Number of protein chains: 2
Amino acid sequence: MAQIIADRRDIDFVLFEQLDTEALTKEEKYKGFNRKTFDLIINEARAFALKELLPINAEGDREGVTLEDGVVKVPACYHRAHKLYLEGEWTSLEEPEALGGQGLPPNVARAAQEYMIGGNYTCVNYANFGHGTGKMIHLFGTEEQKQLFVKKLYTAQWAGGMLLTEPEAGSDVGALTTEAIPNEDGTYSLTGTKIFITNGDHDLSENIISPVLARIKGAPAGTKGISIFIVPKFWVNPDGSLGDRNDIVCTGIEEKMGIHGSACCTMTLGGKGQCRGLLLGQENQGMKIMFHMMNEARLGVGFQAFMHASVSYLYALNYARERVQGKEIGGAKDAPPVPIIRHPDVRRMLTWMKAHVDGLRSFIYYTQTLIAKVGLACSDEECRYHQGLLDLFTPLVKAYCAQRGFDVTVQAMQVYGGYGYIKEYPVEQQLRDCKIASIYEGTDGIQSMDLLARKIVMDGGKAFGNFIAKVQETIVAAKGSEAIAPMAASLEEAAGRLAETAAVLGKAVVSPNVKAAFAHSFPFLEVMGDVIMGWMLLWRAKVASDKLAAGAKGKDAPFYQGQLQTAEFFIQTVLPCTLGKMASIARMNDAAVRMPEEGFSS
Amino acid sequence: MAQIIADRRDIDFVLFEQLDTEALTKEEKYKGFNRKTFDLIINEARAFALKELLPINAEGDREGVTLEDGVVKVPACYHRAHKLYLEGEWTSLEEPEALGGQGLPPNVARAAQEYMIGGNYTCVNYANFGHGTGKMIHLFGTEEQKQLFVKKLYTAQWAGGMLLTEPEAGSDVGALTTEAIPNEDGTYSLTGTKIFITNGDHDLSENIISPVLARIKGAPAGTKGISIFIVPKFWVNPDGSLGDRNDIVCTGIEEKMGIHGSACCTMTLGGKGQCRGLLLGQENQGMKIMFHMMNEARLGVGFQAFMHASVSYLYALNYARERVQGKEIGGAKDAPPVPIIRHPDVRRMLTWMKAHVDGLRSFIYYTQTLIAKVGLACSDEECRYHQGLLDLFTPLVKAYCAQRGFDVTVQAMQVYGGYGYIKEYPVEQQLRDCKIASIYEGTDGIQSMDLLARKIVMDGGKAFGNFIAKVQETIVAAKGSEAIAPMAASLEEAAGRLAETAAVLGKAVVSPNVKAAFAHSFPFLEVMGDVIMGWMLLWRAKVASDKLAAGAKGKDAPFYQGQLQTAEFFIQTVLPCTLGKMASIARMNDAAVRMPEEGFSS
């Protein structure tokens, strides 16, 4: 099963045929690269993941994390892989070399990370997690803070964290009660308890640097009174050496349905002694600063879910090709049984899965190109254009990938039948691991509210308009190819209806009918995601159609043919359901809002 | 949280307001009962489940099943509950008292079992599982076989089993290779290996009677050469006493994602010594006979999934009422945070869950009334009518309940947010336990093929036509109530479109386009299920609307109001999506079928 974890041919298709990633090498920033160096890095990532990560994925799930005598221990098998991962310099691939990265374009970094995350998400996340913390310090820290922390976080010599949630402050971050009191020396003393802290403590790194949201004594209530602090596990002296153990302690770990290799910690700050922290940026700017990390993390969560889907799809596909069961429908009575991939209902599931895996991959990589473009020299207007699309797409990458990614893992289990439900086969772990993606980093419901209340309407709806215009560009191009023109017409109808739906909801959300609007924000996120899938798949089909017209041969021919069928399946079979859901949203029925509270049960 | 496991008010509503279950007490068969005795039995079931079953549900999940030295051990805590369950005579409630049952109408039996299955499915399933085996022997066994086995199976003094699946014969039962050779004494010697055998062996019962599908040496290939045998773990002497240990042995158990308390066994027959079995019925009639048990089991699996949904919904509802987080949308700026049930997106999820839990309950109980009617004196025509609907609905109860039941557990986890994902809270187990329902007893894909290829077209489409006519009856009645007339109109449109869709698919399935038809069989099952939900909810709304018009007071008022909002939500928000899915099916796109096999991945 050569292509397990991720389909390399498809990665290359997205990077170099759908998106012109090679063009980036003409930019000063990426001039050190060419197609060959990109290939090499992705090859190495794949080799590493297959050798070191995938083989311990199930073991990490079985062993899980333990907390004994205040020490959080990750699965024993993670230590070797983590060490080798750091030695291979696989963290912060898109950061400059001077800061410990490789200076890769973001979408090529994602390509390499497909194998890492797909091979063993919980294991590599310990190393990858420091980037977000490092980035915030890079953007908002003092020179001294940057010198002390950024490179060590980017290279994962020190691990990072993300301490937001409290027992009474989950989705409502503004309700947090962790308190910071200024000390004479310019540091702050923090007291409070944070829960559900991914990788909050562990035994893989010599130090862990936790960004912590807290309220400085006397600061206003709500989000506007929140500041952010850098809280190291071991205090960092001005020369970079490690000082005393800080009083930030793991006081509990959660037993979860999945991601067993990931430490989910309760962290107590200043419970016994002094927990010292450094203010990052200005007072009361914590939410603004933290959103930089949260946006990165949201894109990361979507990517995680996508990888569970990608891995699950390939497992299921492989199983369907090998599992012989039942006669072919319409075949001769005495014909021998066939691999189940021949059965229409199995094909329905596989094609559905492929459509979403392909579409999500293109969407994720496309979003990464927006990051690249914002990072290149561009006019203010260009920057705003790309940043606008990136902001618009962020809740979709997070929530739509989480939703459809999970659905793909569920379908994969169904393809396996009974074998899918048992631990001897790999998909049940994928399903359990994937489920968290709809919950953490802001639930998918929160993402849909962000989409409706902020992203759709921001800047007078400009980004949303630009998105529809991009879809229309693809439609116009596709209409020029006879074979795919009918798909283009179907997508055009859906995109038009999406714009109408957005207009209806956008008005409702600033009307007295606001509650009804929010009762449809999540379905709206789903239909917008569907249209994006249709867009990405039509775009793929256009590329494939051109290649076939140009006489693609050998293995390429069925690959491109597969692109056409996948797009056709999605656009002619899934999108009609999406139109139904748009009709549902347009009715904007408010029965759920009107339901008396006692009506839910007696 | 008084209503945990199941909503008693809603059970009573279905039994006594939607369905006129009391009318059954006028029948000779049920004359020993009245409303009070029904209430008493359901009360007792609830009390038993809350005291003995629910408290050990999580413990059984943690402990799981072990196999040591050939002995299968269920979770230790199950022993006491199992013993008390048998003492309370909770098995085979709908069977006659003379055979160890209580003679209850099937839907009242379901009502009692809601608490048992909802409280601890895997635990009570050991006791409930014998009924299907007993029923087959009752229907097809010799007088001696009946005397020896039926009552002991109905009362669960002996446990039952169901040995169909083999490593190379899963969905394709006809491929099985277990062989039976006649002995001189009229018994048969069996050799073979069966896998995924639920409760195949365990330490709860003094004997286990396994119905085994096998091929008598020389019998034809495929399903037409399959016979069924009664294979006791301990041989049963003609006087009913136990004889030698039979060579039917558990040689492995599976580690599963869920239902950890349930033993999933590999059973080896005749591996070392002689495995003797008794032929049940005639030679080569095994599939026909087994289908009696399979149909019962399919209804049971749908019921299991429904219960996971019902329990999960009530947990999530309770959490949403208690969890305070975030300000009310549109509320004052300084208003205090509110329970999350006030947030529109949470209400969307809860109402969606309630609509399906309510609709599924009504559908399941309605199906049980069909069983009752077939069991009462009726003309051939009446019997065929009820049996036709029962046959038509069986794949839907199995697969639609499994699908939407699982979706409800997923939504419940989402309502809990991070708490939903951890084992400290109960919904993650419900999700894991529920997932098996879409897989065992014939995958949901198999059910959709049964629905399309057999049930829709059987008897010239008569049962399907009768079903649509029943829906129309409800629509006509509802049109008479002003408040719900618009819902009736919407459902009428959907039911009409369903009939058209069935006609299109029914034609395609006997055409050269048969593969394309089967590529849409599962979505067809889903849309038919949706229309059934709409039917059941409109029916409920009609009852509620009449009660409100008659001046319902106190707690009844919001309960009935809740029925109206739930029906409205489903019909005006979910059914438009269903119409979209019907439009998708009607296009009958065959891209999934045309996809080149190498097109799925390179």
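Let's start inside chain B of this predicted model, where strand β5 (residues 188–198) of chain B runs antiparallel to β12(B) and 2 bridges join them. Strands here are DSSP E runs of at least two residues, numbered from the N terminus, and two of them pair if DSSP finds at least two bridges between them.

Why is strand β12 (residues 276–280) of chain B largely enclosed by the rest of the structure? It's because 4 of its 5 residues are buried (under 20% relative accessible area, 1.4 Å probe, protein chains only).

Now for where the chains meet. Contact (heavy atoms within 4.5 Å) involves 99 residues of chain A and 99 residues of chain B. Together the two chains bury about 8700 Å², with 59% of it on carbon and sulfur atoms; buried area is the accessible area (1.4 Å probe) lost when two parts are put together, summed over both. A:Tyr421, A:Phe600 and A:Ser602 supply 10% of the area that chain A buries against chain B, more than any other three residues.

There are charges too: 8 salt bridges cross this interface, each a side-chain nitrogen of Lys or Arg within 4 Å of a carboxyl oxygen of Asp or Glu. B:Glu168 forms a salt bridge with A:Arg323, their closest N and O atoms being 4.0 Å apart.

A note on reading this: residues are numbered from 1 along each chain, and chains are lettered from A in the order written. Local features need pLDDT of at least 70, and side-chain values use heavy atoms.

Methods. Predicted model: local features only at pLDDT ≥ 70, side-chain atom pairs only at ≥ 80, totals over all residues. Buried < 20%, exposed > 50% of the residue type's maximum accessible area, 1.4 Å probe, protein only.
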